Amino acid sequence: MADLDGTQAEQKQYFSDVPQESPGYFLKGSHQYDWGLKNRLAKVFNPANGRTIMLAFDHGYFQGPTTGLERVDQTILPLEPYCDCLMLTRGIQRSIIPASTQKAIALRASGGTSMARPDELSNESLACSIEEAIRLNASVLAVQVFIGSVHERQTISNLTRLIDQANRYGIAVMGVVAVGREMARTARYFRLATRIMAELGAHILKCYYTDEDFDSITSCCPVPIVIAGGKKIPELDALKMAYNACEQGASGVDMGRNIFQSDAPVPMMRAVRGVVHGGMKPDEAYQMYQDLKAEQA
Ligand code: 5RP
């Protein structure tokens with residue numbers, strides 16, 4: 001079988017310093033889509049720089065009241081003005097998010113398992129119909145895919161079925177790389193997972209940042225990649241991660257815990273915005289975070 005074991009970075013040619021062209025449209029790999037899909041993507045990604053800040057607070061779909069999300073009305077609504085897109089579940093969207101919001105919606109569309117059964121976490125199904133996505137005015141549908149897990153085939157099938165449905169209506173599908181406990185968070189793994197999902201038609205990919213060879217992941221994925229933040233780390237480190245990811249070809253962040261679990265979520269949200277959209281270096285954005293935090297005190 002072609003190249004089954006030939007995935008070492010040193011044998012590959014990623015052309016990381018040569019940007020992929022997308023003539024006539026601002027977003028990587030998206031220039032040949034239809035009008036509606038392009039318009040939805042332009043609500044998620046800022047046409048001025050091709051980047052997005054998705055605020056991820058969909059964790060409750062398998063974790064219940066996650067730390068920082070016990071009261072979404074109290075903790076997330078103050079962050080809403082500073083993001084481009086809200087990544088959430090339909091339950092929270094209907095019950096908490098004002099329908100007057102101008103932000104794009106990235107709707108969680110897979111689920112069906114919980115952290116009470118960690119061995120079963122990859123056993124997801126599609127959890128939202130396409131009609132429901134249209135009613136909720138979603139720009140993006142997010143589906144978890146567990147490459148390398150016992151439910152790899154099932155979750156890839158969830159992805160491709162959702163893409164078939166979403167393509168009928170010009171809605172984007174974001175493939176979320178779910179890293180099981182048995183999988184290493186390496187560039188090699190993320191190259192494999194993101195590229196497979198892009199080949200199968202995902203319009204956006206989400207994966208974690210890697211300290212090594214992250215640019216090889218973004219280079220060989222023909223559509224935009226955004227990074228998840230992962231577990232809470234110190235604010236400066238999270239800002240460095242966002243900065244380094246964007247410098248190495250990420251189209252922004254889909255960040256949750258490192259914002260809503262921060263000591264000062266609004267200042268952190270604004271600092272992330274400074275890095276992704278404001279041209280700030282991490283140290284500069286961290287200083288802004290500290291200043292804003294001091295002002296709040
Ligand atoms: C939950 C998700 C989250 O949206 C994703 O992990 C981003 O959040 P965080 O920055 O907290 O990792 O997909 O499964």
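The buried residues of helix α6 (residues 152-169) are covered by elements that include β4 (110-111), β5 (125-126), α5 (130-135), β6 (140-145), β7 (172-177) and α7 (187-199). Helices (H or I, at least four residues) and strands (E, at least two) are DSSP runs, numbered from the N terminus. The model is predicted: local features need pLDDT of at least 70, side-chain atom pairs count only at pLDDT 80 or more, and totals for chains, interfaces and linings use all residues. Residues are numbered from 1 along each chain as its sequence is written.

**Helix α6**
- Thr 155, Asn 158, Leu 159, Leu 162, Ile 163 and Ala 166 are buried in α6; a residue is buried if 20 or more other C-beta atoms lie within 10 Å of its own, exposed if 12 or fewer, and partly exposed in between, with C-beta atoms placed from the backbone.
- The face turned away from the buried side of α6 carries the exposed residues Arg 153, Asp 164 and Arg 168.
- Gly 170, with a positive phi near 70°, follows α6.

**Nonpolar core**
- The largest nonpolar core has 88 residues; such a core is a set of buried Ala, Val, Leu, Ile, Met, Phe, Trp, Tyr and Cys residues joined through C-beta atoms within 7 Å.
- Helix α9 (residues 235-247) gives the most to this core, with seven residues.
- Leaving aside neighbours within four places in sequence, Leu 141 is in contact with residues including Leu 162, Ala 166 and Met 174.

Note on methods: Two residues are in contact if their C-beta atoms, placed from the backbone, lie within 7 Å. The expected span of a helix is 1.5 Å times one less than its number of residues.
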